[in-house]
Amino acid sequence: MTGSATTTDALLLEGITKRFGPVTALDDVSLAIRQGEIHALVGENGAGKSTLMAVASGALVPEEGTVRFFGEALTGHPGETREKGLAIVRQEPSLMPDLTVAENIHVGLPARLRPGVGELSAFVRERLAFWREDHGIDPGARIESLLPEKRFIVEIVKAIASEPRLLILDEPTEHLSGRDVTRLFEVVRELAAKGCAVVYISHRIREVREIAERISVLRSGRQVGTRDAHHLDEDDIIALIVGRRVERPFPPKAGPGETGERIFELHGVSGPGFRDIVMRVDRGEIVGLAGIDGHGQRELMRALAGQKPVEGRINVAGRLVKIASPRDARRAGIRFVPGDRHREGLLPGLSVRENFSVRSIEKDTKGGVISMGAEKRRAREALGRLDVKMAGIEAPITSLSGGNAQKVILTSVMAGDPEVLLLDEPTQGVDVGARAEIYSVMRQAAREGMSQIVVSSDRGELVGLCDRVYVFSRGQIVAELSGDRVNDDAIAQAMMTATNTRAAAAEWGGRLARLGSSDWAPFLMLAAAILILGAVAGSVNPYFLTERSLTNLMAMTATLAMVAYGQHLLMLTGGIDLSVGPLMGLCAVTGSFFLSGDPWLVPSLGWASILVVAAMVGAVNFVLAGPLKLHPMVATLATYMAVQAVSLLLRPVPAGMTDFDILDILGHRFGPVPASFAVAVVAGILLDLALMRSGAGIRWRAFGSNGEAARVAGIRPMAMQAAAYIGCSVLTALAAIMMIEQVAIGDPRAGMGYTLTSIAAVVIGGTALRGGRGLFVGSLLGALFISLINSAATFLQLDPAWQNYLLGGLIILAVAFYSYSRSKAVSA
């Protein structure tokens, strides 16, 4: 039996059953992986391969069955399996986009193998060099700035660096060049020779036969069996996967005279990574673009899709068109199937139906109203032709396997009936049976007049599918192949002299975009804006720069900065707290019952009470947003109203004057500088040091950057959320203590204005709204800038409304600039 245990089993799965709602993804599956063997796991899209390995790694918990790792039962937590020596390379890399390459590898390592943060860069350089000396990956580069193949290399290096006893590779070669595939196989064999067990999941049957010793097959969530790989040829494996013989994966190409008139022409087209491109595509023709990745073919395709700048003459159906955006491309009759489906192809919050129809919704619209019946019929028919495996068209798109999701994207784009269809890796992650179906659909669309341009890293796909092939090298077309010359040898020979030109392409990003994408950009820009605004206000009204004015400015800044730090701490994890303003009022009210007498006896209870009350409010916010899964804005808005109600019950009107001795202590100055401002500056610096230079800080940012990837890396989401909400409230309490020195009375409404201004300070300071990145000193300068605007408006005798105009405009400009700069850095 496949699941029978032996003394050499590295992994033993017995009777695994896993359901997602009404869908049974795995049905009583058993599998044994021997120590030191390379074991392939194959099956159609949706067969359950990735789900089974997710169960093995602890990312999913099965309804039935057991998982044993070297004889020891696992409880189902990713951190546990990683610490015991299980590493997995996922089909979609489990990386945090806002973290650097080095930080991602740090988070992904078992605790016993993590180097100190100071040694991290050298450690990662050494591991990358082990993969390949000319890897071209900067350990300090953010993951979001890397192209897909580089991200996969980082994911693989991260897994290897963990010194695994069991390595799971899920579609590891989909984005890799031939040279990197060869290197991967070398490393896998070296690991197996040292006793590491390897599970290799792939739709590329030739690779499976080359690397695997045994092959297990899953079909529709059930186990078909396990075979010796050396006793099977490719046709045998395909038959086991699909349950039938697949005679010919590629349909016949267009014969002489079958293609129509010239439909697409490029003359002297240049852009980032390519230049002087001259090519043509006839109606109903499928044309391939070949070359080593980075030599211009993929860059050209993205430019034609309106995603990169392009110059030159572009003719579509006899019309000269200008393409400066995706909308321009769409209007010209050009549609694009992206190769990176997770980042560019799928809309994860929508259903399968909505992901299909969104690109051609006009077909279901009459008089501005969408016909749900027509939309559903069209979705069922189109997705049925490619046999998309799903619970139904209303199922979340995220519930589909990678290959089935790829089918949805392809059918969605083709439903728009483009003149020219651009396809980047159209069968990436798709099983052998589905590939034949996709090829058939593509060829049928060509017979009906749709012209297609295909970029593929699989030369066999280009040879079998395309009528003509253009070969790229150094950003230019070096060969055009047609007829019998479209063969593997001819393509390979034309590619041999290629050298990488991606570095030149990166220069198109622009210095401004690269500056704006860095964490220090907001700090530098705010510092300049503060100096300019201060100089202008001082020149108009000299009293603005007096010691008293500046002291008051710093005191106001300190309070706002401290509450902004709390908001910042939470926003780094993807949350937000609307209750900070009322909480500051509640803290002031709480303190007013204790701070009017002896400055050392009763007040100590007051300070403790303020912190305890704040921590309790933070805990309530956590319960609402964490275990109860309310949206953070809804959860904290409810707390906002409840906290304000409690404050008004305790102090319907302001009362409880703070003792003057206590006010003197809180208002202590170092010359003209309030102690509170010095505390705020030091706190911002220390928080940034912890955030950027400690393992805990890296994990904090990792959780905000990609919560699911952080979870499978062993970070516990609930613990992280609890720390974030309670930490935000405690920092808010410290801000309230600073505010007490200014209001000197228990006023329940004293903190109301801080909710929006604290969020504004964090946003202007450069923290990403989605979480994962941003410096506390940026929030400090954001607070200083807002306080400066309010103060300057008073000294310049501006209408109070101008404070809101300026603040609102600055928020919009800051978010727009940071978002644009970071998106340009990603696409460069």
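Colleague: What makes K18 count as a charge lying over the face of F20?

Modeller: In this predicted model, K18 is placed at 5.4 Å from the ring centre of F20, and because the rule asks for NZ of Lys within 6 Å of the centre and within 35 degrees of the ring normal, K18 is listed as lying over the face of that ring. R165 is listed in the same way over the face of F70, at 3.8 Å from the ring centre.

Colleague: Why is the pair of F69 and F70 called edge-to-face?

Modeller: The ring centres of F69 and F70 are 5.0 Å apart and the planes stand at 90°; since pairing needs centres within 6.5 Å and edge-to-face needs planes over 60 degrees apart, the pair meets both conditions and is therefore edge-to-face. By this rule there are four aromatic pairs.

Colleague: Why is the pair of F250 and Y439 called stacked?

Modeller: The planes of F250 and Y439 are 25° apart, with 4.6 Å from centre to centre, and because planes under 30 degrees apart count as stacked, that is the class of this pair. Both F250 and Y439 are buried.

Colleague: What makes the pair of F250 and Y439 a tie between parts of the chain?

Modeller: F250 belongs to the loop between helix 8 (234-242) and strand 11 (262-271), while Y439 belongs to helix 15 (residues 432-447), so their pairing ties together parts that are 189 residues apart in sequence.

Colleague: How do you know that the largest nonpolar core lies between domain 1 and domain 3?

Modeller: The largest nonpolar core has 137 residues, among which V101 and I215 touch the most other members, and helix 29 (residues 717-743) gives the most to this core, with 13 residues. Because domain 1 (9-85 + 207-246) and domain 3 (512-823) both give residues to the core, it lies between them. Beyond its neighbours within four places in sequence, I215 is in contact with residues including H39, V42, V208, R227, L232 and I237. A second, separate core has 46 residues, including I286, I438, M450 and A494.

Colleague: What makes the radius of gyration of the chain agree with a compact globule?

Modeller: For 828 residues, a compact globule would have a radius of gyration near 28 Å, and the chain has 30 Å, which agrees. The C-alpha atoms fill a box of roughly 95 × 70 × 55 Å along the principal axes, and buried residues make up 57% of the chain.

Colleague: Why are K629 and A744 picked out for their phi values?

Modeller: Most residues other than glycine have a negative phi. K629 has a phi near 60°, and A744 also has a phi near 60°, a positive value in a residue other than glycine.

Colleague: Where do K629 and A744 lie, and is each of them buried or exposed?

Modeller: K629 is in the loop between helix 23 (602-625) and helix 24 (632-650), and its relative accessibility of 66% is over the 50% limit, so K629 counts as exposed. A744 is in the loop between helix 29 and helix 30 (754-764), and because its relative accessible area of 11% is under 20%, A744 is buried.

Notes:
Residues are numbered from 1 along each chain as its sequence is written. This is a predicted model: local features need pLDDT of at least 70, side-chain atom pairs count only at pLDDT 80 or more; totals for chains, interfaces and linings use all residues. Side-chain values use heavy atoms; hydrogens and water are left out. Rings of Phe, Tyr and Trp (its six-membered ring) pair if their centres lie within 6.5 Å; planes under 30 degrees apart count as stacked, over 60 as edge-to-face and the rest as tilted. Helices (H or I, at least four residues) and strands (E, at least two) are DSSP runs, numbered from the N terminus. Buried means under 20% relative accessible area, exposed over 50%, partly exposed in between (1.4 Å probe, protein chains only). A nonpolar core is a set of buried Ala, Val, Leu, Ile, Met, Phe, Trp, Tyr and Cys residues joined through side-chain atoms within 4.5 Å. Domain bounds come from an automatic or database domain assignment. Contact means heavy atoms within 4.5 Å. The radius of gyration is taken over C-alpha atoms; the globule rule is 2.2 Å times the number of residues to the power 0.38.
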